[in-house]
Structures are given as C-alpha cells and as structure tokens.
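Subject: A structure for you to look at

Hi,

Here is the structure I promised to pass on. Have a look at it first, then read my notes below.

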Amino acid sequence: MILSCENLTLDFNLFRAIDNCSLSIVEGSITGLIGPNGAGKTTLFNLIAGALHPKSGRILYRGEDITALSPDRRFHKGLVRTFQIPHEFHLMSVLENLMVVAPAQPGESLFRNWLDFGAVKRAESETLHRAWSTLEFLELTHIAHERAGQISGGQKKLLELGRTMMTDAKLVLLDEPAAGVNRTLLRKLEEKIALLHRERNYTFILIEHDMEMIERLCDPVICMADGQVLIEGDFHSVRSDPRVLEAYLGE
Ligand code: ADP
C-alpha cells in the first residue's frame, strides 16, 4: 500500500464531512474516487494532501505516519496534488512554466551559487532538458514558447500534468482532470495518465464525474457517500451496486 487512511474524521462546525473513513491505495494503481456531490471527496483530498487536518484518525504514506506533516513536506515526499503546484503563470511560456517547478532549483542559495557558477549552469541545463522531454512526452513541443495564458483549457490540463512530472511525484491526486477539456484532448490526457502509470509507475487517485474516463482508466473504483467509503471494487461492480445508485439518487 502506498497510502492508508485510517478512521479519519473531520467536522466543519457541527457538520461531520468525513466520518470514520478508512481506505487504502495500492501502489501503482489508478484509483477512481466517485460519489455524489457532498460525499466528501474533495475534503478527503484535502486531508491526504495536508490542507486540512483530521479531528481523529491517521494517514500513512509509504509506511510513514504523515498525519501531522504540512502540505509542503508531503509534496517533497512525492505526494502531489495537482493544484498544489501554483496555477500556470500566464505571462510565462509553457516551457518556463515547467522549468519553475523543478525540485532543487538553482538560486536556493545565492551565495553557494556565486561560489559555484558551473553547478548552476549544469542544474539549469538539466532542468531545461527535463522540461523539454516532458513537452515531448505530452506532445506539446509546438507550443513550448507560447504564453501559458493563451493555450486551450485541455492544453492547460496537460501542462498541469507536465508540471507534476517536473517533481519527484509518486502519488498524484488529480481533481477532476476532465472538467472543461474537449474530447480530443481528453483522450490524449487519458493516454498520458495511463502511460505515466504504466511506464513510470505513478500511482494516481482521481476524482472525476466523467464515468467514461473512470471506466477506461481506473481500477479499483471507490464510491464515497456521507463522508465514508460506501463500496470499493472494479468499475462495473461499483456502478451496478444498488447502494451506489441510491446514493446518487439522493444527491
Ligand atoms: P464532494 O467533493 O464529494 O462533492 P466535499 O468534500 O466538497 O464533497 O464536501 C463534503 C461536505 O462538506 C459537503 O456537505 C460540503 O458542503 C461540506 N463542506 C466542504 N467544505 C466545507 C467548508 N469549508 N465549510 C463547511 N462545510 C464544508
């Protein structure tokens, strides 16, 4: 297991948004997180990423208790939520947007860099190389020098995935990747997620309302309702479960 949530509970004032919720994520899986609006999916993501802290329960990541760690510490351990990386800089080029995310940026210590100018140059060229390979992987080299603010919604989603690839991500939380993406780019986005999973062994958890995307990409699928896991299984068994239908009907 790459991640285990054990008996998590979180209240917003008197409202219990996450209610004794437990789940485990298998390393190397693409797990789909579905459920009606208000089920607690986003709140669970916030707990896993560290933006919120549970009232009780704990979160284990690669065997380590990370319940008390800040989002930043989790990020540096490879637990990355897409929007944790600041949204694209509109005036910067697509390529520059990738370069600014790279870990261990040169410039962290001006003094050290002043002493070792060669090291800065090497780090910069490595970052550039990594950014360019990322663009090749995403088939976005043709827009490398366009301003990020001017590319399409789908291309922005691909860029967001690319920014994840500039980190040392191991577990990636994707919050509605399909939202606002046209069909053609959606297929490409799916293809790239599947490739990252297969070839680089990324683990993904994906919140998504697009059931076709969930069906094509995810196994297992976890359905949440009322702050708890209602059922977990393969797409078809989850979708045909009467409890799931009932939960969506009550939305
Ligand atoms: P989902 O992502 O499954 O739609 P959420 O995690 O966004 O569900 O929300 C779960 C419940 O918690 C909802 O009833 C929502 O209204 C409530 N909620 C979420 N965030 C807050 C907040 N900051 N303050 C109060 N209630 C919240």
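Let's start with burial: 37% of the 251 residues of the protein count as buried. A residue is called buried if 20 or more other C-beta atoms lie within 10 Å of its own, exposed if 12 or fewer do, and partly exposed in between, with C-beta atoms placed from the backbone. Before you go further, keep in mind that this is a predicted model, where local features need pLDDT of at least 70 and side-chain atom pairs count only at pLDDT 80 or more, while totals for chains, interfaces and linings use all residues. Residues are numbered from 1 along each chain as its sequence is written.

**The overall picture**

The protein has 10 helices and 10 strands; these are DSSP runs, numbered from the N terminus, with helices (H or I) of at least four residues and strands (E) of at least two. Its radius of gyration is 19 Å, close to the 18 Å that the globule rule gives for 251 residues, so the protein is as compact as a globular protein of that length. That radius is taken over C-alpha atoms, and the rule is 2.2 Å times the number of residues to the power 0.38. Along the principal axes, the C-alpha atoms fill a box of roughly 60 × 40 × 30 Å.

**Two domains**

The protein splits into domain 1 (1-85 + 169-251) and domain 2 (87-166), with bounds from an automatic or database domain assignment. Their centres, taken over C-alpha atoms, are 27 Å apart. Where they meet, 14 residues of domain 1 are in contact with 11 residues of domain 2; in contact means that the C-beta atoms, placed from the backbone, lie within 7 Å. Helix 7 (residues 183-200) gives the largest share of domain 1's side, 5 residues.

Look for an open sheet of 4 strands in the order 2-1-4-5, with antiparallel pairing. Two strands pair if DSSP finds at least two bridges between them. Strand 2 and strand 5 (64-65) are the edges, each pairing on one side only. Strand 1 (residues 3-12) is joined to strand 2 by 7 antiparallel bridges, and to strand 4 (residues 56-61) by 5, also antiparallel. In strand 2, Phe15 is the bridge partner of Phe12 and Arg16 that of Asp11. On the strand 4 side, Leu3 has Tyr61 as its bridge partner. The hairpin of strands 1 and 2 has 2 residues between the strands, and Asn13 there takes a positive phi near 50 degrees.

**Around the ligand**

Which residues are around the ligand? They are Phe12, Phe15, Ala17, Gly35, Asn37, Gly38, Ala39, Gly40, Lys41, Thr42 and Thr43.

Is helix 1 enclosed or open? Since 8 of its 9 residues are buried, helix 1 is largely enclosed by the rest of the structure. Lys41 and Thr43 are among the buried ones.

Key. Near = placed C-beta within 6 Å. Contact = placed C-beta atoms within 7 Å.
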